[in-house]
Amino acid sequence: MLNNHWNIQAAELLRISPVIPVVVIDSLADALPIAQALAAGGIRIMEITLRTPCALAAIQQLREQMPKMVIGAGTVLSEQQLQDVVAAGAQFAVSPGAPLSLLTAAWQGTIPFLPGIANSTDILNAMALGYRQFKFFPAEALGGVPMLKALAGPFAEIEFCATGGITPVNFESYLQLPQVPCVGGSWLTASAQVSRQDWQGIRANCLALARSEV
Ligand code: 3PG
């Protein structure tokens with residue numbers, strides 16, 4: 001396997017929490033209360049998607065104000081965005097896809113990168129560069145647990161964070177697969193809860209995970 005210079009390896013990243021919240025921040029003022037609600041619920045990692053104009057500012061702010069939270073960036077679609085999230089202080093980066101340009105740039109960078117894969121060819125292309133951990137996206141639409149079981153045959157050493165369509169009802173079925181150390185999902189910070197600033201509700205979503213003994 002080729003070496004990278006990431007400050008932590010992706011295998012370790014995927015073991016920080018069984019669920020990585022995928023967070024959309026529409027208003028910068030919501031960033032801190034969302035992160036605090038997650039932390040109060042026992043979650044110490046979050047992925048902030050680059051889908052809103054304040055995403056980079058939110059990453060920067062939370063890196064300063066929540067030093068114990070591992071803050072990553074999601075929806076990284078280009079090398080420029082990868083540079084931007086690193087500059088903002090992101091500690092990991094996630095993409096829905098795995099274009100060669102992004103794979104190459106991220107492998108040479110300093111933070112772990114989780115490329116999104118959808119099939120065997122995606123995995124083989126990234127494996128050739130050294131990647132072993134992936135985002136399986138969009139998990140449910142691609143066939144979910146049966147698809148991951150099928151991929152485990154030829155790709156025994158590969159690990160996945162399953163994301164896309166993961167819910168409080170189905171997440172444990174993913175985590176039962178040995179090649180799935182964690183899943184990602186937006187349900188912990190549901191947009192309806194964020195809109196009404198229901199920080200206690202977000203905390204409760206996280207505490208419910210602990211009760212499911214994942
Ligand atoms: C995403 O990148 O949108 C994540 O996969 C979240 O998907 P979800 O909203 O279905 O959890």
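**The pocket and beyond**

A: The largest pocket is lined by Val22, Val24, Arg51, Lys135, Phe137, Thr163, Gly164, Gly165, Ile166, Gly184, Gly185 and Ser186. What you're looking at is a predicted model, where local features need pLDDT of at least 70, side-chain atom pairs count only at pLDDT 80 or more, and totals for chains, interfaces and linings use all residues. Residues are numbered from 1 along each chain as its sequence is written, and side-chain values use heavy atoms, with hydrogens and water left out.

A word on terms: on a 1 Å grid over the protein atoms alone, a pocket is an open set of points with protein on both sides within 12 Å along at least five of seven lines, a cavity is a set where a 1.4 Å probe fits but cannot get out, and lining residues have an atom within 4 Å of a point. The pocket comes to about 150 Å³ (a volume is the space filled by probe spheres set on the points, which are joined across faces, edges and corners). Sort its lining by class and you get four nonpolar, six polar and two charged residues. Here Ala, Val, Leu, Ile, Met, Phe, Trp, Tyr, Cys and Pro count as nonpolar, Asp, Glu, Lys and Arg as charged, and the others, Gly among them, as polar.

Stay with Phe137 for a moment. A cis peptide bond joins Phe137 to Pro138, with omega about -10°. Pro138 itself sits in the loop between β7 (133-136) and α7 (144-152). Helices here are DSSP runs (H or I, at least four residues), and so are strands (E, at least two), numbered from the N terminus.

The structure holds one cavity of 30 Å³ or more, and the largest cavity has a volume of about 30 Å³. Its lining is made of Ile20, Glu47, Phe92, Val94, Leu114, Lys135, Cys161 and Thr163. β4 (92-94) and β8 (159-163) are the elements that give two or more residues to that lining. Five of the lining residues are nonpolar, one is polar and two are charged. Lys135 and Thr163 turn up in the linings of both the cavity and the pocket.

β8 leads on to Glu157, which is in the loop between α7 and β8. Leaving out residues up to four places away in sequence, Glu157 touches Met127 and Arg132 (contact means heavy atoms within 4.5 Å). Its C-alpha atom is 8.0 Å from that of Gln179, 22 residues apart along the chain.

Helix packing is worth a look too. Helix α2 (residues 31-40) packs against helix α10 (residues 199-211) at an angle of about 35°, with axes 7 Å apart. Axes are lines fitted to C-alpha atoms, for helices over the stretch in contact, and angles run from 0 to 180 degrees between N-to-C directions. Pro33, Ile34, Ala37, Leu38 and Ala40 of α2 make the contact with Trp199, Ile202, Arg203, Cys206 and Leu207 of α10. By class, that contact has nine nonpolar residues, no polar ones and one charged.
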